Amino acid sequence: MLYLLLYPLHTKISFFNVFKYITFRTIYASLTAFIIFFLLGPWVIKKLQQLQIGQYVREDGPQSHFSKKGTPTMGGILIIFSILVSVLLWANLSNRYVWIILMLSVLYTIIGFIDDYLKVIKKKSKGLTAKQKFSMQILFAIIPAILIYIGPFNTELTFPFFKKLSFDIGIGYIVFASIVIIGTSNAVNLTDGLDGLAIGPVIIASITYMIFAYVTGHITFADYLQIKYVRDCGEIAVICGAIAGAGVGFLWFNAYPAQVFMGDVGSLPLGALLGIIAVLTKQELLLIIVGGLFVIEALSVIFQVGFFKLTKGKRIFRMAPLHHHFELKGWPEPKVIVRFWIISMALALLSLSALKLR
């Protein structure tokens, strides 16, 4: 009888107890971000159409892309909004890593917004100059990198698949972390060229780092897997869940044929988020594998430009980034997208295997 009388109170206490669990909050952060985008997506797309914020298409790009001209862009604003709201609702806001990540996402969203604003609204086809964009990226990456370093934070670099190979780079970690953030931001930006191409690997990478964040922030799992334990790192899993959820919500409208594009206002901060999460989870070098597709796309541009200059006009690929090369070879756009997603999934599984193959 006493149990029956106390059962409602017991149920209430148990219900609130689940909020202590990172896994519970990660799931609901993901669902919240997805629902926000899913519900607000049609309204945002309509507003973008009314404001005539349409996609700019390169004249030297594939002919099939001309049909995309005028498709609403800058949908990345809603991606970041969905992530921010979800994180503020479900994450532990006393965790300093949460605020560092949120700050970085806002700063890089500002860069992307200015770039898109100049290109789409002011009709300056190139937006920010490379010097302007890169200078802002450096400044906005160094700020969180310094905050991480003075944490204090473990500045040792560990190598995937090697248990005892590591070395401490000390204050140089500020430069290293900044390079990771900037490089990932630009790599995701370069990959964003086909319907759903960039957001698919972003979702896959965020889910992968969700696992890394959880085990890295759990002292028992970190010890068992022989990886660096980072106190309070587990909370980053909630942010990863929000990124994945917002990404799926965006993909609903961005899947071929796309109703909206993310623009630089989405791709730049999403890449920066993956970069800083890799740093905070002490899986910085593993990002080369997790985000291998982004690395391949970025390298294809670097090699193409370098080879073009060295040979005075010759090319390695028909067009860079790499996804355009396959388009010009005759692959239908959906085939390019799905096959690149498959590559991204395989690389994610390979990276997860590094947790045991040490």
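Helices here are DSSP runs of H or I with at least four residues, strands are runs of E with at least two, and both are numbered from the N terminus. This is a predicted model, in which local features need pLDDT of at least 70 and side-chain atom pairs count only at pLDDT 80 or more, while totals for chains, interfaces and linings use all residues. Residues are numbered from 1 along each chain as its sequence is written, and side-chain values use heavy atoms, with hydrogens and water left out.

Helix 10 itself has 17 residues and reaches 24 Å from its first C-alpha to its last, close to the 24 Å expected at 1.5 Å a residue; the expected span is 1.5 Å times one less than the number of residues. How many of the residues of helix 10 are buried? The count is 17 of 17, so the helix is mostly covered, where buried means under 20% relative accessible area, exposed over 50% and partly exposed in between, with a 1.4 Å probe and protein chains only.

Helix 10 (264-280) is one of the elements against which the buried residues of helix 3 pack. The others named are helix 2 (22-50), helix 4 (96-121) and helix 9 (236-254). Helix 3 covers residues 76-90, and its 15 residues reach 21 Å between the first and last C-alpha, close to the expected 21 Å. Its buried residues are G76, L78, I79, I80, S82, I83, S86, V87 and W90.

Helix 4 contains D115. Beyond its neighbours within four places in sequence, D115 is in contact (heavy atoms within 4.5 Å) with K126, G127, L128, K133 and D264.

Over the whole chain there are 14 helices and two strands. Of the 358 residues, 51% count as buried. Among contacts with a separation of 6 or more, 73% come from residues 24 or more positions apart. The radius of gyration, taken over C-alpha atoms, is 21 Å, which agrees with the value near 21 Å for a compact globule of 358 residues; that rule is 2.2 Å times the number of residues to the power 0.38. Along the principal axes, the C-alpha atoms fill a box of roughly 80 × 50 × 35 Å.
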